[in-house]
2 protein chains.
Amino acid sequence: MKIGLDMMGGDFAPAEAVKGAVAFLSENSDDIKVIMFGNQQEIEFELKKYSLPQNRYTIIHTVQVIEMHEHPTKALKEKQDSSIAVGFKMLANGEIDAFISAGNTGAMMVGALFSIKTIEGIIRPTIGAYVPREDGSLGLLVDVGLNADCKPENLNQFAILGSLFASQILKIENPKVGLVNLGEEEGKGNLLAQAAYPLLKENTQINFVGNIEGRDILLNKSDVMVCDGFTGNVVLKLAESIYDIVKRREINDDYFNRFNFEVYGGVPVLGVAKPVIIGHGISGENAFKNMINIACKMHEADFTGKIQNSIL
Amino acid sequence: MKIGLDMMGGDFAPAEAVKGAVAFLSENSDDIKVIMFGNQQEIEFELKKYSLPQNRYTIIHTVQVIEMHEHPTKALKEKQDSSIAVGFKMLANGEIDAFISAGNTGAMMVGALFSIKTIEGIIRPTIGAYVPREDGSLGLLVDVGLNADCKPENLNQFAILGSLFASQILKIENPKVGLVNLGEEEGKGNLLAQAAYPLLKENTQINFVGNIEGRDILLNKSDVMVCDGFTGNVVLKLAESIYDIVKRREINDDYFNRFNFEVYGGVPVLGVAKPVIIGHGISGENAFKNMINIACKMHEADFTGKIQNSIL
């Protein structure tokens with residue numbers, strides 16, 4: 001299995017990406033190899049600090065870097081030899097099995113949509129976020145910003161994609177799907193939620209448990225929480241800010257410590273034809289290690305194949 | 001000044017409403033009187049515990065109560081002698097200057113819309129919520145659930161209504177208005193936010209500071225945070241749940257203690273012709289005291305008159 005990793009993405013490139021790859025590979029079997037995209041000299045300088053056997057990785061030397069602030073489409077077009085552009089080329093050609101970057105999110109999305117493309121039948125791919133729940137488990141909030149305006153059919157597909165990720169990768173059996181709403185009763189909501197409810201209710205591929213409110217997001221009332229990307233983005237960033245406040249106030253609490261979204265690594269793009277994971281800019285060793293782990297699980301479980309079967 | 005108070009609304013009726021009224025009146029001048037709507041016997045039983053002078057209150061005996069679960073329009077129609085129905089009748093007739101209830105929110109809204117009505121020019125009234133910020137100040141998030149689907153013009157009016165409330169009642173000078181959005185840059189957002197941005201930017205009645213993200217809600221980046229009622233409701237209930245979790249985990253922190261939304265009392269209905277305040281069902285003594293206080297301030301500042309002047 002060959003996992004592609006953009007070494008130039010994120011605030012601490014390439015040092016933390018190297019650390020994460022080394023940490024992952026040292027704990028996993030020989031048949032997993034990390035294909036590293038980026039500046040060979042910089043990567044080798046970092047790699048020298050560890051004793052990683054040469055058969056566990058390959059460096060694909062790339063000379064360009066897409067910076068965080070660059071316009072995605074323009075940057076990808078003009079920087080064909082960037083780590084992200086080359087990574088997607090090799091993913092599309094089948095030379096790697098998955099691709100991970102903590103770099104420019106927009107460029108990752110555009111790269112995914114134009115190289116490996118969306119799975120047939122998927123109206124819009126989506127990005128979810130992990131939600132640490134008070135009982136110790138993880139939930140999935142989907143969408144968290146990729147689709148600001150949604151149609152009911154989008155939410156219905158997010159529910160299927162999120163359920164598959166929860167069951168196949170997070171190993172939650174028969175995951176409960178909740179529709180984020182402003183009230184519990186059927187019929188409540190804005191026009192989108194009102195129209196999405198019956199679709200979710202009739203969807204036999206998911207275990208729909210009804211509406212959930214803002215107060216239920218941190219509880220385990222549902223494992224997959226479906227909403228439009230506008231609401232999801234506001235909720236996610238509010239939750240992230242809670243962690244910042246907790247740290248500033250020097251509160252040390254097991255639960256709120258789990259609000260450190262950095263540790264979860266990135267989130268997968270759900271609905272594209274191959275495993276693609278986008279990391280947070282501040283990703284550190286653990287985040288990279290976790291992303292490689294999730295990418296492996298997605299490949300092993302033939303996750304994108306399972307999506308294809310669910311949608312057809 | 002005569003402040004009408006529904007004594008039968010809320011989970012601890014009428015005991016906490018009585019406590020709140022007594023606490024408020026004992027600290028305020030003789031020209032403020034509380035008009036109490038509800039079961040005379042029950043109210044007097046509670047009042048006997050305190051030594052409130054008889055000239056500070058009047059009891060309007062009502063025999064019916066609109067329960068929390070009842071259908072608003074139906075209940076108001078069928079229970080013409082309920083505390084809420086009688087309260088609104090007297091508010092519409094000018095016999096009281098403001099009306100407060102911690103009872104059925106829907107019935108309070110329907111009562112307001114059909115008795116005192118909306119201020120001319122207001123497309124839709126709105127309800128905001130206080131947001132405790134890390135720096136010790138209070139912000140206002142508006143709308144928090146009354147208007148699940150909004151048009152750009154609605155958000156623009158919420159900004160005006162919220163700004164007036166922030167400046168006149170919360171005494172925030174030249175309050176900063178932010179548009180809740182999924183990114184900071186102009187042009188970001190769902191269709192609603194994209195269309196609302198230019199309206200807010202061109203609105204000379206407000207101090208628009210641009211987009212704010214979920215991570216900014218608990219900071220003082222803006223004092224009035226404008227969004228559709230769907231997003232606002234999810235955000236508010238998530239914030240309320242943070243307080244519950246903090247208490248369950250026995251975290252004692254000055255800032256998170258301020259997430260106890262009960263202490264703020266209710267929120268005013270902005271855009272109706274007279275001061276109307278809707279309290280949380282769990283309102284206790286402090287909440288009632290605060291609600292009476294806010295109602296007095298709204299009346300003294302001729303708050304609804306100021307709205308009228310802003311909209312014309």
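Colleague: How do you know that chain B can be laid on chain A?

Modeller: A turn of 180 degrees, with a shift of 0.0 Å along the axis, puts chain B on chain A with an RMSD of 0.0 Å. That is how a two-fold axis relates its copies. The superposition is a least-squares one on the C-alpha atoms of residues with pLDDT of at least 70 in both copies. In chain B, Thr231(B) has the C-alpha nearest the axis, 2.8 Å from it. A word on ground rules: this is a predicted model, where local features need pLDDT of at least 70 and side-chain atom pairs count only at pLDDT 80 or more, while totals for chains, interfaces and linings use all residues. Residues are numbered from 1 along each chain as its sequence is written, and chains are lettered from A and ligands numbered from 1 in the order in which they are written.

Colleague: Why do you say the copies meet through the same surface?

Modeller: Because 100% of the interface residues of chain B are also interface residues in chain A. Each side is counted by contacts, meaning C-beta atoms, placed from the backbone, that lie within 7 Å. There are 30 residues from chain B and 30 residues from chain A in the contact.

Colleague: Which helix gives the most to the side of chain B that touches chain A?

Modeller: Helix H8 (residues 229–248) of chain B, with twelve residues. A helix here is a DSSP run of H or I with at least four residues, a strand is a run of E with at least two, and both are numbered from the N terminus. By type, that side of chain B splits into 15 nonpolar, seven polar and eight charged residues. Nonpolar means Ala, Val, Leu, Ile, Met, Phe, Trp, Tyr, Cys and Pro; charged means Asp, Glu, Lys and Arg; the others, Gly among them, are polar.

Colleague: What makes strand S5 of chain B largely enclosed?

Modeller: Six of the seven residues of S5 (residues 126–132) are buried, so the rest of the structure largely encloses the strand. Buried means 20 or more other C-beta atoms within 10 Å of a residue's own, exposed means 12 or fewer, and partly exposed is in between, with C-beta atoms placed from the backbone.

Colleague: How do you know that S5(B) and strand S10 of chain B pair?

Modeller: Pairing takes at least two DSSP bridges between two strands. S5(B) and S10 (residues 267–270) have two bridges, in the antiparallel sense, so they qualify by that rule. Ile127(B) stands opposite Val269(B) there. Strand S6 (residues 138–142) of chain B also runs antiparallel to S5(B), joined by five bridges, with Tyr130(B) opposite Leu140(B). S5(B) and S6(B) make a hairpin with five residues between them, and Gly136(B) in the turn has a positive phi of about 100 degrees.

Colleague: What span is expected for helix H6 of chain B?

Modeller: The rule is 1.5 Å times one less than the number of residues. H6 (residues 152–168) has 17 residues and reaches 24 Å from first C-alpha to last, close to the 24 Å expected. H6(B) is also mostly covered, with 13 of its 17 residues buried.

Colleague: Why is Asp97(B) called buried?

Modeller: Because Asp97(B) has 20 other C-beta atoms within 10 Å, which meets the cut-off for buried. Asp97(B) sits in the loop between helix H4 (83–92) and strand S4 (98–101) of chain B. Leaving out residues up to four places away in sequence, Asp97(B) touches Met1(B), Lys2(B), Ile3(B) and His299(B). The C-alpha atoms of Asp97(B) and Lys274(B) are separated by 7.3 Å, though the two are 177 residues apart along the chain.

Terms used
Contact = placed C-beta atoms within 7 Å.
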